[in-house]
Amino acid sequence: MTVTDASPVTEKTLYPRTLADAVPDDAKIAEVRARLESAGVKYVLSCWIDLFGIPKTKPVPMSDFEALCKGKGPQFAVHSVSFVPELTAADSDQIPVPDLDAVYICPWDTSMAIIFADLFWEDKPYNVCPRLALKRTIAEAAQKGYVGYAGIEPEFIVMRYDENGQPVKAFDDDPRQVGGLRPRRQAFGYDVEFSLDSMSFLKEMMDMLEGLDWGLHDVVAEGAYSQFELDFHYTNLLEMADRLVFLRLAAKEVAKKHGMFVTFMPKPTTGDWRSGAHINFSLRSLDAPEANLFESPAGGWSDEARYAVGGLLSHSEALTAITCPTVNSYNGLVPRVGGFEGGTVTWAPTNITYGHNNRAAQFRLPQSRYCIENRAADMCMNVYLALACTLAASVEGVTQQIDPGPPTDRDLYSMTPEEAEELGIRRLPRNLLEAVGHLKTDTLVGEVLGPTMLNSYLAYKLDEWERYHQAVTDWEVAEYLRLY
């Protein structure tokens, strides 16, 4: 459960500029402590977010709650473990300050609570704190009169280890085959029998999300065996980012109770469906906070929605380096793969364009809601940086009235490269190296991350690419060993 509602938006809560600004007042600390203790919480995990969106913590007992909230709890040498080599062993540690509007009691063990925190270094916001980068971007958008909202569609695959220690799909009634992970035709999507077989795990996930009051809409058995999607209601950007990180933790903990594990790797098997995390984004004006700017008062899509699309298209390649951040991500951004049930198209985006309900486009304007859906995103993304860049690009599009051009309302999988070029449609990056190259030169995304975080991100991703190309894959051995 979440134990606090969002506080009124102020400059201090949007982006605290000093450690003292971030420290909650005594009344707030006492209120949250009382609510946690009444719920039986004994241990608090104040979690800061590393460069890749992974939460880190040092658990403390409730007896240290006040010290924790005042920035006098555990400190961290973040630069020693978090891929940010700009500081040395002689530099000061970072101090996390819990955000008491981001408190979650763990449903799988209610003696524990997770509180998301912001990192400070020598009394200032730490320049490699993704959560503060999102807060800063939210504050900058608010200064221009805008606030962003998002929903995310998390997909993942539930697996287990077989008697030989090999990873296999947890929910899979096909006959055993040698090799553990294997490609083949899928019939899992939307299937009632497979949904029923999976309910031992899904019921616990659904009950948990209902208890968190996130507005769970449905659970989807996706195209791959043992692949699922959990759809819950949208909210403000910071809360959605916190929720996604908490969901990743929760799904893993629930799976462990059933002798299984969850992977958010986009493509764990050759020939399988990709796991994505589509971002559904909308804007509101602070002058009319109840109205969605993407819906025209007369009905239909507004000019602001088109301009926001224009901003997103302008920064698509760099944004994709954040939303699809791994070598493996790009194995899923392909048009066709053999062996799929019902055909070979992947329903994954490969072109930088937008369309009305066009699931082949990177940016979809859905028929059921007024938001821009970015389909080039997966669960490996640092969601704080992804939403910050999405907000900044969209606000730029609206304020500069960037024309996205006409929508592409046709089958992009059957479009030839020549047709795409004639229409001015760019290809999404084909690999991580290409995406990172665009990230390096994108001014807007660079400003969102800041120079230190950008340089750290670029350095690690280039190293990831080099390490990947030092590995010899099974495919290469099968393809070349005897041929040459």
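How many salt bridges does a search of the whole structure find? The search finds 23, a salt bridge being a side-chain nitrogen of Lys or Arg within 4 Å of a carboxyl oxygen of Asp or Glu. The views below show a predicted model, in which local features need pLDDT of at least 70 and side-chain atom pairs count only at pLDDT 80 or more, while totals for chains, interfaces and linings use all residues. Residues are numbered from 1 along each chain as its sequence is written, and side-chain values use heavy atoms, with hydrogens and water left out.

**View A. The salt bridge between arginine 131 and aspartate 118.** The closest N and O atoms of arginine 131 and aspartate 118 are 2.9 Å apart. This pair links distant parts of the chain, with arginine 131 in helix 6 (residues 130–143) and aspartate 118 in strand 5 (residues 112–121), 13 residues apart; helices (H or I, at least four residues) and strands (E, at least two) are DSSP runs, numbered from the N terminus. Arginine 131 and aspartate 118 are both buried, where buried means under 20% relative accessible area, exposed over 50%, and partly exposed in between (1.4 Å probe, protein chains only).

View B. Elsewhere, salt bridges that share partners join Asp99, Asp118, Arg131, Lys135 and Asp242 into one network.

**View C. Helix 6 against helix 12 (residues 383–399).** The axes of helix 6 and helix 12 come within 8 Å and cross at roughly 20°; axes are lines fitted to C-alpha atoms, for helices over the stretch in contact, and angles run from 0 to 180 degrees between N-to-C directions. Helix 6 and helix 12 are therefore roughly parallel to each other, given that angles under 35 degrees count as roughly parallel, over 145 as roughly antiparallel, 65 to 115 as roughly perpendicular and the rest as oblique. Residues of helix 6 including Leu134, Thr137 and Ile138 meet residues of helix 12, among them Leu387, Leu391 and Val395, contact meaning heavy atoms within 4.5 Å. By class, this contact of helix 6 with helix 12 has 12 nonpolar, 1 polar and 1 charged residues; Ala, Val, Leu, Ile, Met, Phe, Trp, Tyr, Cys and Pro count as nonpolar, Asp, Glu, Lys and Arg as charged, and the others, Gly among them, as polar.

**View D. Helix 11 (residues 316–323), a mostly covered helix, packed against helix 12.**

**View E. Positive phi at aspartate 213 and serine 226.** Aspartate 213, whose phi is near 60°, lies in the loop between helix 8 (199–212) and strand 9 (216–221) and is exposed, with a relative accessible area of 63%. Serine 226, with a phi of about 70°, lies in the loop between strand 9 and strand 10 (227–232) and is buried, with a relative accessible area of 0%.
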